[in-house]
Structure formats: C-alpha cells, structure tokens
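Subject: Structure handover

Hi,

Here is the structure I promised to pass on. My notes follow below it.

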Number of protein chains: 2
Amino acid sequence: MRLTLLGSGNAAGMPLYGCVCEHCQTIKDNEDLHRGPACALIEVDNKKYLIDAGLMDITRQYPSGTLDGIFLTHFHPDHVQGLFHLRWGIGQSVPVYCPPDKQGCGDLFNYSGILDFQEQRKFESFSLDFLRITPLPLIHSKVTFGYQFEYQNQCIVYLTDTKGLPPKTQSILEASSIDLLVIDTSFPTNIENSGHNNLSETLQIHQQLKPKRTVLTHIGHDLDVWLSQHSDNLPESVITGHDNFTVYPY
Amino acid sequence: MRLTLLGSGNAAGMPLYGCVCEHCQTIKDNEDLHRGPACALIEVDNKKYLIDAGLMDITRQYPSGTLDGIFLTHFHPDHVQGLFHLRWGIGQSVPVYCPPDKQGCGDLFNYSGILDFQEQRKFESFSLDFLRITPLPLIHSKVTFGYQFEYQNQCIVYLTDTKGLPPKTQSILEASSIDLLVIDTSFPTNIENSGHNNLSETLQIHQQLKPKRTVLTHIGHDLDVWLSQHSDNLPESVITGHDNFTVYPY
C-alpha cells in the first residue's frame, strides 16, 4: 500500500492569492512549496484510487482507465471541484465512494455522467479486492467521512476535514494499530475554528491514537508560515505534508 | 476594445476524456487544438475583464490586481468553477457582474470571499468607465445573460449558453450594428438540444442579426469533428473559435 499526498493545502492554497507577506513572495516562484487542495493517491494491488477530487486537472493526470475509484470525504468544492469536468467524459465509469449528502455540490448529482456515486454508511466497512475501507464520521460543517484503509497488516487513516473526533470514531481508532495518520491541521495553535483542527488539537489526537507516524495536511496560510519557522518543534513522529509527497511507505 | 477567447469548448472540452476516436487521438498531443470551458478576456482602456470563469487556473493567469471584473453568463459549473478557488484570496475584491440566480453554484454565495457579486437586471445597461454593457436574457436551463459590449463605435455581442434567442433580445440585436458576435454553437446541424444551438441555428441567427463577423464557441465533440472536416463550408464571415485566439479586432 502506497499513499502520496497530491495536495496538502486548504481551499485557498499556497501561495495565498493577493498576499504580499514575505513567505508568500518566497514560495511564489518555488513550485515545490505550493499547496493545492488536500487530496491523495492510494495505490494498492496495481489499482489507483484518489482520496478527494479537488485537483483541477484530474483528466490530464489520470487518463481514462487509469483511475479505479475515488473516496470522497465530503462535498465542499475544494474536495470535489475536479469532478465537474471529469464527469463529462465517456467510456469506463469511475466509482465514487462518498458520504450520504443529499445536496452534494452544485449539479453533480443531477448530471453525474461517468461518475458512479456510491453512498456509504458510517462505520460499515467494505472491500475492494484485498483493501478494506471503513468510513468514519468526522466533525465538520458538512457530513464528512474520514477513511481507515487496511491492507494485509498495514493501516492508514485519512481524516479531512475535521475539528476533533466523534467519540465512536475516536474509540475505533484508539483500538487500531495505525501505521500512518494523515490529518486536517489547518491552523496554528493560536487560531480556533469550528470545522478544522489547529496544530494543538492535532497533537492531542496524535497522542490519543498513537499512530507510528502522523502527517499534517489541509495546511492553511498561517500554519504554513509558522511551520516554515518552527517545524523543528514538532514531535519526531509528526511531519509536515507537502504536495506530491509519498508519505507511505516511509 | 480587444476580445480573446480563452476557452472555446463545452463542459466536456476537447479532447473528450475517454474518447478513442481518431480526431481525439490526433489532438491529444497538440495543445493548440485543445478546447477548455468557454470563456473570454475583454480588454479596454487598460482594464481586463473575464467573461465567465470556467478556467481552472485563474489565480495563476491573473495575479491579484490584474483583473478588473468578471461578467458571468450563468452559474453552471463550467462557467464558474474557477471561482471556487479564487474567492479565498485576500486583498483587492473582484467585482462579478451576474444574472439574478438565488441558487448560484455550490456555496459561492455563502462564502463569497473576495468576490463582490453584483446582480444585474435584464436589458438594464451599465457602464464601467467608457465601456457600456447590456445584459441580454438568453434561452438556457438556468437563468442566463448574454452581454452586449459597446465602446466608442464598436459593438461586441457574447451569447453563451443559449438555444435561439428570446424575442426582445433578438429585436435589440437586430437593431444593433454588431462588429463581432460570439455565440454558443455546441452541436452539428443534425443534433437538437434544448439548451444549446446547433450550427444550423447559429447560422440562422447570423443571418438575422447580420454581424460583420460571427465566431463559434462552446464547441462540443461532434461539432469539433465536423469542423475539422468541413470548416470550408462555413460562410466567409463565420469562423471557428479556438482557445487563446484574439477574435477582435480582426
């Protein structure tokens, strides 16, 4: 099982449009430090699955037939906006495993095209070949699932977007032996937000779930600035995510 | 006044994702023949305005401060999807002139960020410096405006998405001396669609409005294939649009 972060930013991304701070000026010309909308690629048994679909050029990066499915965490635009174009293709359909959200986003459900939306139920595991997936409800402004991916003896947990964890999600994860936790950490410690973790909240979850490694994603501007100056302050097993960064195996 | 088509395709674009036809195979490797979502740039008096915002990389193409406004024809995703990211910028706001559509698209109205949506009324002209703009209702599945742009003695009319024209829009345009008409022509003559012109319908409008030049845009797969074989069959004053093609002045 292999997991690559494709995007590690929040909806605004980095550099922040219109920002004239020193950090944004520095990274403007360094493509490697840009952050696109949080999403990832999970590869297992020669299959490729996206986690979320905020990438604006999915059709270029994944020609027809190269994508075996998409796990959607929720229907906010920065997690689904790449589907608006992809859906109008022809030929092989693309399964999209998603939380139950009647509204979806825009007219995706009215004109789903080649997308085969498959609504999942919270805590009900399902399997794709030898990959076992468990949707775990999170705490966000729209119905949102994190996903636990289990393959052989490996366990990867991907949790965006969320502020904290619901008790049952937390107890399931505390009972799991997690090799890699990827988690929404949008803000530095001094900023409180009702839909996203700040760094302090993430570190608390890291202590509670005890994954072998935690990777920060969905990183916003202010946290990015903080990390550029203080990343040495993170615990050894907590690392900063970046775009196009293979975080598992490590 | 200068008008450049930035995108000349329908929502699916060209090449069509998943299509294995000879034409799609041919253009796949020729970036110049790709078609992105229909949109345009209008430049006048050192100001830059977008017509529609389906471009997936507006923030890259137009750094903060370089875009003076956006005219939206309607709120279908292929005409607004670039706004989902742009809105989260900071600093100078971007005026977005749009038709009255309570629903909009996704959560654009709930979280408008730096976008300053300014609802317009049909047939009520407004001015930006010396540019005079008249919103003209069209016939589509969502409330949609075409726009007439007048500057000095020049007149450009941009009509997407539409099938035919409502009587009052038609009579206003018949009474105008149009230098350039850009018009939704999604399908070849043999295909009927309730929301878009086919080529035959466009040619009829061309005859009725008598613009000096007509440019086809919002071109779908089947029309693109037809045009690749038969573009010589078009009247001399009717030309095929392409991405990144300055169509006025000609």
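The contact draws on 29 residues from chain A and 29 residues from chain B. Keep in mind that this is a predicted model. Between them, the two chains bury about 2500 Å². Carbon and sulfur atoms carry 64% of that area. On the chain A side, the residues that lose the most area to chain B are Tyr17(A), Met56(A) and Ile90(A). Together they account for 30% of what that side buries.

The rule finds 2 salt bridges across the interface of chain A and chain B. One pair to look at is Arg60(A) with Glu31(B), whose side chains meet in a salt bridge at 2.7 Å, N to O. Two helices of chain A, α2 (58–61) and α4 (83–86), each supply at least two residues of the side that touches chain B. The most comes from α4(A), with 3 residues. By type, the chain A side of the contact divides into 15 nonpolar, 10 polar and 4 charged residues.

On symmetry: how are the two chains related? A rotation of 180 degrees, with 0.0 Å of shift along its axis, superposes chain A on chain B. The RMSD is 0.0 Å. This is the relation of a two-fold axis. Gly106(A) has the C-alpha nearest the axis in chain A, 2.2 Å from it. Both copies use the same surface, as 100% of the contact residues of chain A recur in chain B.

Start with Lys142(A) and Asp101(A). They form a salt bridge, with the closest N and O atoms 3.2 Å apart. Lys142(A) sits in the loop between β8 (131–137) and β9 (145–151) of chain A, and Asp101(A) in the loop between β5 (94–98) and β6 (115–119), so the pair ties together parts that are 41 residues apart in sequence. Buried or exposed? Both Lys142(A) and Asp101(A) are buried.

Then take Lys163(A) and Glu201(A). Their closest N and O atoms are 2.7 Å apart, in a salt bridge. This pair also links distant parts of the chain, 38 residues apart. Lys163(A) is in the loop between β10 (154–159) and α5 (167–174) of chain A. Glu201(A) belongs to helix α6, residues 199–209. The relative accessible area of Glu201(A) is 15%, so Glu201(A) counts as buried, the cut-off being under 20%.

Last, in chain B, the side chains of Arg2(B) and Glu43(B) meet in a salt bridge at 3.2 Å, N to O. Here two strands are linked: Arg2(B) is in β1 (residues 2–7) and Glu43(B) in β2 (residues 39–44) of chain B. Arg2(B) is partly exposed, at 40% relative accessibility. In chain A, Arg2(A), Glu43(A) and Lys48(A) are linked in a network of salt bridges.

That is what I have for now.

Best wishes

Key:
Residues numbered from 1 in each chain as written. Chains lettered and ligands numbered in written order. Predicted model: local features only at pLDDT ≥ 70, side-chain atom pairs only at ≥ 80, totals over all residues. Heavy atoms only, no water. Contact = heavy atoms within 4.5 Å. Buried area = accessible area lost by both parts, 1.4 Å probe. Salt bridge = Lys/Arg side-chain N within 4 Å of Asp/Glu carboxyl O. Helix = DSSP H or I, 4+ residues; strand = E, 2+ residues; numbered from the N terminus. Nonpolar A, V, L, I, M, F, W, Y, C, P; charged D, E, K, R; others polar. Least-squares fit on C-alpha atoms with pLDDT ≥ 70 in both. Buried < 20%, exposed > 50% of the residue type's maximum accessible area, 1.4 Å probe, protein only.
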